[in-house]
There are 2 protein chains.
Amino acid sequence: MEFKEVMKQRRAVNFFDPAKDVTDAQIKDIIETASLAPSGFNLQPWQVIVVKDKAKKETLRKVAWDQAKITEAPIVLIVLGDREGWKKGHNTFERDFAEMVKTGAMKKEQYDWFAGATKSIYGTTADQKMAFACKNAGFFGLSLMLAAKNVGLDSHPMDGLDVEGVKKAFNIPDQYWIPLLLAIGHFDKSKTLFPPKWRKSYNEIVVSF
Amino acid sequence: MEFKEVMKQRRAVNFFDPAKDVTDAQIKDIIETASLAPSGFNLQPWQVIVVKDKAKKETLRKVAWDQAKITEAPIVLIVLGDREGWKKGHNTFERDFAEMVKTGAMKKEQYDWFAGATKSIYGTTADQKMAFACKNAGFFGLSLMLAAKNVGLDSHPMDGLDVEGVKKAFNIPDQYWIPLLLAIGHFDKSKTLFPPKWRKSYNEIVVSF
């Protein structure tokens, strides 16, 4: 699909047809396309738990405002933002540096400089680390939604969740925050969506102080 | 352009051709396309400062790791994430509720329920508010990058900035965080980019615990 059409046609869909499945190949394609999203120093501070099993969706629904779409959609992704991607020894951090040495973008001796830079862009306080993790997970999250639309699927990003409850239910380590849940499936055509929501205009978005 | 081509061709470009301008119409188109990005309860907690003036770009560069691309790119966007979009009386909050009443998605009597729900998805602690603002600003930020690529422009998202310094230099109120700066322009074809960076595979992204 044309990029602008994907942007326009992506809607947060509240009603999923429980009879229509999403294939593993579609999910793989969506996640691989979204993996192209950018991130600070290419740290890619995101992971995904794919929830497909009926019982697990029921568990998730219980800690996510009892939203019906969680059990109605064939797939729900738990998107994780990694607050510790700057640490020496972290898989992605180490791989990232090794790949840059391989391409010639950095020299081996720059390891400590690189560690200092990643620490710096993550920031030092809890809220700064959260900002970095969630901004990047946001790049990845929107890519998932657009990639789903591009293969003819609908999605719904959800904020309504008890983060601690979801972490406990799915044994998610504390280094992760959960910026969103994303239901993916086929819109239930027996239902009607409200008209597309209003958006701020150019003049309402652009500011100066 | 095809959506997947936009995803593949978007690169963080370090070198901009200072001789090639970006028109106001292009910036308007990019921001209007990005305005279609989703957000929790459609609160659209993002604003943009468009930095085009030479002296202002020099000011910005001084508080953003002295990155040459800030003065070389014709345009730099300061993307803001709003940490107070849940508050009664906030412009977007009030407009959002009024629009939902207009379309029939909510009833007037649900004002307090709506205020409680937006407060809840923003969370109560400083880091939770940051997570919500930056996740949504991330949706918007990636949309800006893709929309730029779609009209033949290149971009570079920057994390390297002194947030407090930028806030001071541009009189940015404390309710905002700055998840990214985004340089937009034309790649300087006399320069060479490194090959596209590695990405985590599907199996490295999908986890269970």
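In what order do the 4 strands of the open sheet in chain B run?

I looked this up and found S1-S2-S4-S3, with antiparallel pairing. Strands here are DSSP runs of E of at least two residues and helices are runs of H or I of at least four, numbered from the N terminus. Two strands count as paired if DSSP finds at least two bridges between them.

I note that this is a predicted model, where local features need pLDDT of at least 70, side-chain atom pairs count only at pLDDT 80 or more, and totals for chains, interfaces and linings use all residues. Residues are numbered from 1 along each chain as its sequence is written, and chains are lettered from A and ligands numbered from 1 in the order in which they are written.

Next I checked the edges of the sheet: S1 and strand S3 (154-158) of chain B each pair on one side only. I then followed S1(B) to strand S2 (residues 75-82) of chain B, and the two pair in the antiparallel sense over 6 bridges. I picked out Gln47(B), whose bridge partner in S2(B) is Leu80(B).

I turned to the contact between the chains. I found 66 residues of chain B in contact with 66 residues of chain A (C-beta atoms, placed from the backbone, within 7 Å). H7(B) gives the largest share of chain B's side, 16 residues.

Last, I compared the copies. A rotation of 180° with 0.0 Å of shift along its axis superposes chain B on chain A, RMSD 0.0 Å (least squares on the C-alpha atoms of residues with pLDDT of at least 70 in both). The two copies are therefore related as by a two-fold rotation axis. I also saw that 100% of the contact residues of chain B recur in chain A.

Conventions:
Contact = placed C-beta atoms within 7 Å.
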